[in-house]
Amino acid sequence: MADRNRIPVRTTGSRAARPVRRAALFAVACALLAAGCGSGGEGSAGETPQSAGQAPRQAVQQGLPGMPPPLDARDLYAADRPNRLAPQVKDFPSRVYVPNTGSDTVSVIDPKTYKVIETIPVGVQPQHVVPSWDMKTLWVNNDRGHDLTPIDPATGKAGKPVKVHDPYNLYFTPDGKYAVVMASMDRQLVFRDPHTMKVRKALPVSCAGVNHADFSPDGKYFIVSCEFSGELLKVDTAKMEVVGQQKLPFEGAMPQDVKISPDGKTWYVADMMADGVWVLNGDTFGRPKLLPTGKGTHGLYVSRDSRSMYISNRGEGSISLLDFRTGELVDKWHIRGGGSPDMGGVSADGNVLWLSGRYNSEVYALDTHTGKTLAKIKVGLGPHGLAVYPQPGRYSLGHTGIFR
């Protein structure tokens with residue numbers, strides 16, 4: 001985030017009738033498979049959100065080659081229903097992994113007890129904990145240490161760091177073909193092998209502070225926030241090229257998290273200086289409108305039923321609730337005793353929203369039904385992009401957990 005240098009840190013120096021029927025059956029089979037047919041990664045199928053015997057709704061066609069098609073063309077998050085864990089993650093212990101930017105550690109929280117059960121030393125300035133495309137590895141983005149620490153979510157053990165320059169944030173293309181490193185200080189989007197992290201293409205950008213992103217329903221493009229220059233980029237996924245760029249219409253804009261609506265028609269971009277979310281059409285990439293939410297608007301998270309979005313307002317210790325159907329705010333929760341809610345995720349069952357307390361060395365657990373603060377847990381200095389894991393879904397697009 002734009003405030004990363006305010007955190008006390010150490011510095012040193014991240015898809016005739018018989019053939020037609022066969023083709024139709026093949027398409028349905030692909031929609032039911034996790035990390036679907038012809039995908040570029042190693043993931044396997046997760047359960048579908050439909051009840052037994054119920055056929056999936058029509059999926060989006062002609063998407064990015066190799067991308068698993070959405071289970072429901074009307075809901076990009078249909079695979080994320082409560083506790084619908086994919087086979088490869090269903091036996092992982094439930095944990096909350098918290099990168100402490102100022103302490104160079106990851107705090108591991110048991111969500112059942114709300115207690116820290118382990119502290120893992122990692123590299124310099126860990127910013128986000130990111131699930132890999134195949135969901136088998138958690139990557140800790142050690143931004144100023146210029147490496148990624150892999151954590152095995154089955155055992156909770158850290159592996160040997162992998163050298164990656166300026167890995168502020170990390171995403172994966174929907175086909176599983178590339179990891180995309182948000183090299184903020186380097187002013188680059190770096191497309192890498194999703195397993196070895198070897199560079200495939202480094203894309204220089206003219207904006208400052210590439211930060212967060214999300215992908216279109218067909219996976220053909222993604223939108224990136226540039227926090228330091230108040231801009232947005234539109235990037236062609238297959239060509240790995242910037243195809244659109246715009247300055248946000250607010251003096252001093254500082255865009256943060258990016259999230260697309262379940263129907264795939266509306267994009268939301270949090271802005272910590274404009275104190276709200278920008279609402280735009282990603283296809284036309286036209287001028288966005290600002291929806292005020294609260295001071296220091298920061299993180300965006302979708303509820304397990306795809307009806308609501310939780311919006312963290314770091315500057316006032318609150319979370320705003322947006323109704324996707326109406327596009328309006330319907331509630332605001334305040335953290336008990338105040339706080340600085342930043343990045344996080346929703347529990348597998350959908351009952352708890354977990355957020356890091358950026359300036360308070362703590363983590364917040366909130367009841368998603370009532371907004372009640374369930375716990376405030378002390379962790380290291382400058383907790384940032386925490387990951388709740390495992391979560392439902394077929395594959396990961398990165399960040400702290402964008403699953404489809």
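Q: In what order do the four strands of the open sheet stand, and is the pairing parallel or antiparallel?

A: Please keep in mind that this is a predicted model. In general, the strands of a sheet pair through backbone hydrogen bonds, either parallel or antiparallel. Here the order is β13-β14-β15-β16, and the pairing is antiparallel.

Q: Which strands stand at the edges of the sheet?

A: The edge strands are β13 and β16; each has a single partner strand, so one side of each is left without a neighbour in the sheet. From one strand to the next, the twist averages 25°.

Q: How many bridges join β14 to β15?

A: The antiparallel strands β14 and β15 are joined by six bridges.

Q: Which residues of the largest nonpolar core touch the most other members?

A: The general idea is that, in soluble globular proteins, nonpolar side chains tend to be buried together. In this model the largest nonpolar core has 35 residues, and those touching the most other members are Leu170, Leu189, Phe191, Val210, Phe222 and Val224. Two or more residues each come from β9 (169–172), β10 (179–183), β11 (188–192), β13 (210–215), β14 (221–226) and β15 (231–236). The strand that gives the most is β10, with five residues. Another core, of 24 residues, lies apart from this one, and its members include Ile223, Leu248, Phe285 and Val302.

Q: How many residues of β17 are buried?

A: A residue is called buried when its relative accessible area is under 20%. In β17, six of the six residues are buried, so this strand is largely enclosed by the rest of the structure. Four bridges join β17 to β18 (residues 267–271), and the two strands run antiparallel. Across this pairing, Val258 stands opposite Val269 in β18. The two strands form a hairpin with six residues between them, and Gly264 in the turn has a positive phi of about 75°.

Q: Which residues form a nonpolar patch on the surface?

A: The patch consists of Phe250, Met273 and Leu290, which together have about 230 Å² of accessible area. Phe250 is placed in the loop between β16 (241–247) and β17 (255–260).

Q: Why is Phe250 classed as partly exposed?

A: The class of partly exposed lies between buried, under 20% relative accessible area, and exposed, over 50%. Phe250 has a relative accessible area of 32%, and therefore counts as partly exposed.

Definitions and conventions: Residues are numbered from 1 along each chain as its sequence is written. This is a predicted model: local features need pLDDT of at least 70, side-chain atom pairs count only at pLDDT 80 or more; totals for chains, interfaces and linings use all residues. Side-chain values use heavy atoms; hydrogens and water are left out. A nonpolar core is a set of buried Ala, Val, Leu, Ile, Met, Phe, Trp, Tyr and Cys residues joined through side-chain atoms within 4.5 Å. Buried means under 20% relative accessible area, exposed over 50%, partly exposed in between (1.4 Å probe, protein chains only). Patches are made of residues with over 30% relative accessible area and no salt bridge: like charges are joined within 9 Å, nonpolar side chains (Val, Leu, Ile, Met, Phe, Trp, Tyr) within 5 Å. Accessible areas come from the Shrake-Rupley method with a 1.4 Å probe; for residues, only the protein chains shown count as cover. A salt bridge is a side-chain nitrogen of Lys or Arg within 4 Å of a carboxyl oxygen of Asp or Glu. Two strands pair if DSSP finds at least two bridges between them. Axes are lines fitted to C-alpha atoms, for helices over the stretch in contact, and angles run from 0 to 180 degrees between N-to-C directions.
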